[in-house]
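The following note is meant to be read with the structure at hand. Its points are numbered so that each may be checked in turn.

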Amino acid sequence: MRSPADTGRRVIVVGAGGAGLAAGLEAARAGARVLLLEAGDQVGGATARAGGVVYAADTPVQKARGIEDSVDRLVNYYATVSRHELEPRLMRRSAEGTREVIGWLEELGISWEPERLYVAGLEFDPRGHLPSGDTRGLGPAGGAMIVAALLTAVEERPEVEIRTRTRVADLLVEDGRVAGVRLADGTEERADAVVLASGGFGAGAEMLAAHWPEATRHGDWHWYLGPDTNVGDGLRMGLAAGAELRGYGGTLLETPNFGRLNDAFTPPWLIYVNQRGHRFVDETDTYCVMPHVIARQPGGVCWAVFDDAALRKVADGGHVDPYGLGVDLESNWTGAMLRRQIDAGVVRTGATLAELAEGTGIAADGLAATVELWNADVAAGRDSVFDKSGELVAVESGPFYAVELRPAIIGITFGGLRIDDAARVLDTAGRPIPGLHAAGEVAGGLDADVYAGGGTSIGNALVFGRVAARTAVGVAAPA
Ligand SMILES: Cc1cc2nc3c(=O)[nH]c(=O)nc-3n(C[C@H](O)[C@H](O)[C@H](O)COP(=O)(O)OP(=O)(O)OC[C@H]3O[C@@H](n4cnc5c(N)ncnc54)[C@H](O)[C@@H]3O)c2cc1C
């Protein structure tokens with residue numbers, strides 16, 4: 001069946017995560033025939049594994065909570081967090097687009113409860129929107145709800161063909177114009193425009209070595225939260241077509257390396273010390289800043305310290321989920337897990353603090369002074385240095401324990417193809433590469449060094465997926 005608005009244009013979308021599904025849906029609605037090519041066994045990508053937070057300002061959800069916010073404030077926030085490194089017009093498109101995305105997803109069946117809004121970045125008023133909906137079994141939490149809503153809408157469009165287990169290997173470039181793709185099996189598919197939506201490169205050893213070597217600094221402690229198919233194909237193809245690279249780094253989560261547990265939040269009852277024995281952060285701080293803070297400590301590592309009384313009090317169940325993301329994952333910080341790791345010798349033990357210091361290489365005098373102050377603070381009911389809230393627990397009765405932590409779990413990669421606010425991929429001279437568009441994690445220039453907030457990635461994937469589709473079909477004039 002041909003759409004009444006059929007433009008006769010064919011759009012190929014590479015990758016069917018959040019950005020790809022959004023692009024596919026919007027391209028079909030704008031009158032294109034769409035071929036959505038997905039390397040994995042199922043659609044969803046990293047998006048389907050995500051908490052599903054969408055970072056947005058000036059939304060009806062915020063208004064229902066009485067929160068006054070605006071697009072200007074969000075653009076200003078991005079400028080501040082990035083120290084003016086990001087292009088304002090991209091940030092404006094992002095801020096306006098995420099506001100629209102909240103309503104757009106609502107039309108697709110997602111609901112947002114105002115009481116679940118939370119502070120997802122470094123802002124004062126909450127901008128983290130948590131979705132409610134059906135996951136269709138595509139993943140554990142809110143990200144899968146968004147993927148399911150998009151997939152349901154895409155499946156209703158006869159103009160969209162989805163092919164899973166179909167890896168795109170190269171772009172076809174003819175006379176300087178992207179004219180289609182070559183698949184891994186050697187066959188070619190031609191199109192008027194190609195949208196790269198192939199996600200980040202956290203699973204790509206070569207790309208990590210080339211574009212973010214610090215991410216693998218801790219050797220076999222490092223692993224990637226997203227799918228194995230996110231090896232950076234789109235980035236490689238775009239660079240080969242002459243695109244400019246933008247952005248560097250990404251998000252890392254600290255891990256005790258007990259196993260492949262995605263445990264982003266630390267309970268308040270333990271303290272982090274560096275090799276000098278000093279506390280250096282509010283241990284419950286957001287993962288937007290934590291990896292940077294730990295990476296700057298001597299050796300780029302730290303230790304979580306607690307005592308036997310704390311261990312005896314720790315419950316066995318329950319994931320630390322301060323934001324109510326609803327992801328039911330095994331926690332590193334249960335009594336059962338910690339006892340297993342103590343028995344295995346992974347968690348270090350000392351009958352006294354001095355013995356613990358000797359076994360870990362932590363400076364004994366620094367540790368003693370830190371614990372002395374901490375215990376006095378706990379008795380006084382206030383963390384006098386970092387103002388940590390939550391249950392503060394003294395470190396006073398041996399045996400004492402120390403868990404080494406390293407920022408080594410890769411969440412998101414920031415390096416990507418430079419795009420303009422119409423999601424056209426720009427070459428190294430700053431000109432659009434004809435026929436080539438990018439959206440989602442494969443696009444760069446949307447994050448600076450510090451992650452602005454949980455929810456900015458999915459938000460941008462959906463915004464620029466929609467924008468890329470409209471530009472690719474030719475229904476929105478590039479700015
Ligand atoms: C566990 C986890 C939790 C997260 N939580 C949040 C959150 O709550 N909020 C937030 O904003 N961000 C979150 N993020 C980050 C966010 O999910 C991603 O940045 C975003 O979803 C990326 O969307 P995308 O469409 O660009 O990529 P993806 O969703 O990863 O989709 C890319 C797709 O492209 C496919 N692909 C790759 N190469 C090829 C190829 N050559 N040919 C064909 N297909 C290919 C992949 O298989 C994949 O399906 C989280 C990430 C993880 C891993």
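**Note on helix packing, strand pairing and salt bridges**

1. Helices α1 (residues 18-29) and α14 (residues 456-473) have axes that come within 7 Å of each other and cross at roughly 35°. The model under discussion is a predicted one. Two packed helices are described by the angle between their axes and the distance between the axes. For α1 and α14 the crossing is right-handed. On the α1 side the contact is made by G18, A19, A22, A23, E26 and A27, and on the α14 side by A461, L462, G465, R466, A469, R470 and V473. By class, eight of the residues in this contact are nonpolar, two are polar and three are charged. An α-helix has 3.6 residues a turn, so residues three or four places apart point the same way.

2. Leaving aside residues up to four places away in sequence, I146 touches G52, V54, L105, I110, P131, I458 and L462. Among these, L462 also belongs to the α14 side of the contact with α1. By contrast, I146 and D175 are 38 Å apart in space, C-alpha to C-alpha, although 29 residues separate them in sequence.

3. D175 belongs to a hairpin built from strands β8 and β9. Strand β8 (residues 168-174) pairs with strand β9 (residues 177-183) over six bridges in the antiparallel sense. Within this pairing, V173 stands opposite V178. Two residues lie between the strands, and D175 takes a positive phi near 50°. Strands of a sheet pair through backbone hydrogen bonds, either parallel or antiparallel.

4. How many salt bridges does the count give? The count comes to 34 salt bridges. One of them joins the side chains of R10 and E189, with a distance of 3.1 Å from N to O. R10 lies in strand β1 (residues 10-14) and E189 in strand β10 (residues 188-190), so this pair ties together parts that are 179 residues apart in sequence. Both R10 and E189 are buried. Side chains of opposite charge can pair when their charged atoms come close.

5. R236 and D170 form a salt bridge in which the closest N and O atoms are 3.7 Å apart. Because R236 lies in helix α8 (residues 233-240) and D170 in strand β8, the pair ties together parts 66 residues apart in sequence. R236 is partly exposed, with a relative accessible area of 34%, and D170 is also partly exposed, at 30%.

6. D420 and R424 form a salt bridge as well, their closest N and O atoms being 2.7 Å apart. Here D420 is buried, with a relative accessible area of 3%, whereas R424 is partly exposed, at 21%. Elsewhere, salt bridges with shared partners join R167, D170, R182, E188, D233 and R236 into one network.

7. In what order do the three strands of the open sheet lie? The order is β13-β19-β22, and the pairing is mixed. Strands β13 (245-246) and β22 (443-444) are the edge strands, each pairing on one side only. Strand β19 (residues 416-418) pairs with β22 in the parallel sense over two bridges, and R418 stands opposite G444. Helix α8 packs on this sheet and touches β13 and β19, its direction making about 35° with that of β19.

8. The buried residues of α8 are D233, G234, L235, M237 and G238. D233 is also a member of the salt-bridge network. Just after the helix, G242 takes a positive phi of about 100°.

9. Strand β14 (residues 250-255) is mostly covered, six of its six residues being buried. Six bridges join β14 to strand β18 (residues 400-413), and the two run antiparallel. In this pairing T251 stands opposite I412.

Notes. Residues numbered from 1 in each chain as written. Predicted model: local features only at pLDDT ≥ 70, side-chain atom pairs only at ≥ 80, totals over all residues. Heavy atoms only, no water. Contact = heavy atoms within 4.5 Å. Axes fitted to C-alpha atoms, helices over the stretch in contact; angles between N-to-C directions. Helix = DSSP H or I, 4+ residues; strand = E, 2+ residues; numbered from the N terminus. Left-handed = near helix turned anticlockwise from the far one by under 90°. Nonpolar A, V, L, I, M, F, W, Y, C, P; charged D, E, K, R; others polar. Pairing = 2+ DSSP bridges. Salt bridge = Lys/Arg side-chain N within 4 Å of Asp/Glu carboxyl O. Buried < 20%, exposed > 50% of the residue type's maximum accessible area, 1.4 Å probe, protein only.
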